[in-house]
Amino acid sequence: MMQTTQPAAPVAGRVAGTDWEALAGALDEHGHALTGQLLTPDECAAIAALYDEPDRFRTTVDMARHRFGSGQYRYFTHDLPDLVRDLREAFYPGLLPIARDWAARLGRPAPWPDTLHEWLRMCHEAGQARSAQILLRYGPGDWNALHRDVFGELLFPLQVVVGLDAPGRDFTGGEFLMTQQRARAQTRGWATTLPQGHGLVFTTRDRPVAGSRGWSNGPMRHGVSTVRSGRRHALGLVFHDASWHPPHPPHPPHSPRPQEQR
Ligand SMILES: O=C(O)CCC(=O)C(=O)O
Ligand SMILES: [Fe+2]
């Protein structure tokens, strides 16, 4: 699963070269899994530097203002940088069978077509037409509250974050966090240090949990622990588009708390 060599192939080849079986196994077990290195340090730096090009983004969110945490993130416009578009497109076909398997286990519909292009067309027709790809920038003291990136009725259940800075060198703290609610038991938590250029695939809402009476859903949330020093950038790839954005998220029936919707 872990590539240790510097990626040289185009990004689609690096994603395709991921050990998808191991990734699916880890996702089944924990609802999130590291991919190995997808971007070179130079590519990471180039993407992080885009943060300072406001024309690339449709919206900037001040997390403290919305009580999402502290720090800022920006939603790219649909005119994504090539590397970001390529990464997103390359992940969809790999994630699709996992999404379908999970839906089957949970007895849910699996509305996702074979291509991202077609799925995005469905999102847009349903009124979910805003880009949901984000670039995040955290400084000392910044953090990201536990949440779910549900942006409308249409949802692709897996998403990807790519770390753009080197932990320990560029920043300290800032671990990627996940929690899972357990039926009649206390919540479980995980913390992952995202290596620079590596991806982490994770569930947007929940994961199927095996029990003595079949599958049930384990509700999950993700966030980021406080950055203690330095600066941490991350690229967030979501596979549905969005029908709303802060500050006025509607409250769909299954959202436990409105602030978890972005
Ligand atoms: O900064 C991170 O690692 C996670 C950001 C996030 O919430 C996301 O990518 O959806
Ligand atoms: Fe998120």
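This briefing covers the overall make-up of the protein, then one helix and one strand. The model is predicted. The protein has five helices and 15 strands. Of its 262 residues, 37% count as buried.

**Overall contacts**
- Take the contacts in the protein with a separation of 6 or more: 79% of them come from residues 24 or more positions apart.

**Helix α3**
- Helix α3 spans residues 41-49.
- Its residues Cys44, Ile47 and Ala48 are buried.
- Seen down the axis of α3, the buried residues fall within an arc of 100°, so they line one face of the helix.
- An α-helix has 3.6 residues a turn, so residues three or four places apart point the same way.
- Asp42 and Ala49 are exposed, and they sit on the face of α3 turned away from its buried side.

**Strand β4**
- Strand β4 covers residues 72-76.
- Four of its five residues are buried, so β4 is largely enclosed by the rest of the structure.

**Partners of β4**
- Strand β2 (residues 57-62) pairs with β4 in the antiparallel sense. Five bridges link β2 and β4.
- In this pairing, Phe57 stands opposite Phe76 in β4.
- Strand β5 (residues 134-138) also runs antiparallel to β4. Four bridges join β4 and β5.
- Here Tyr73 stands opposite Leu136 in β5.

Note on methods
Residues numbered from 1 in each chain as written. Chains lettered and ligands numbered in written order. Predicted model: local features only at pLDDT ≥ 70, side-chain atom pairs only at ≥ 80, totals over all residues. Buried ≥ 20, exposed ≤ 12 C-beta atoms within 10 Å, placed from the backbone. Helix = DSSP H or I, 4+ residues; strand = E, 2+ residues; numbered from the N terminus. Arc of directions from axis to C-beta. Contact = placed C-beta atoms within 7 Å. Pairing = 2+ DSSP bridges.
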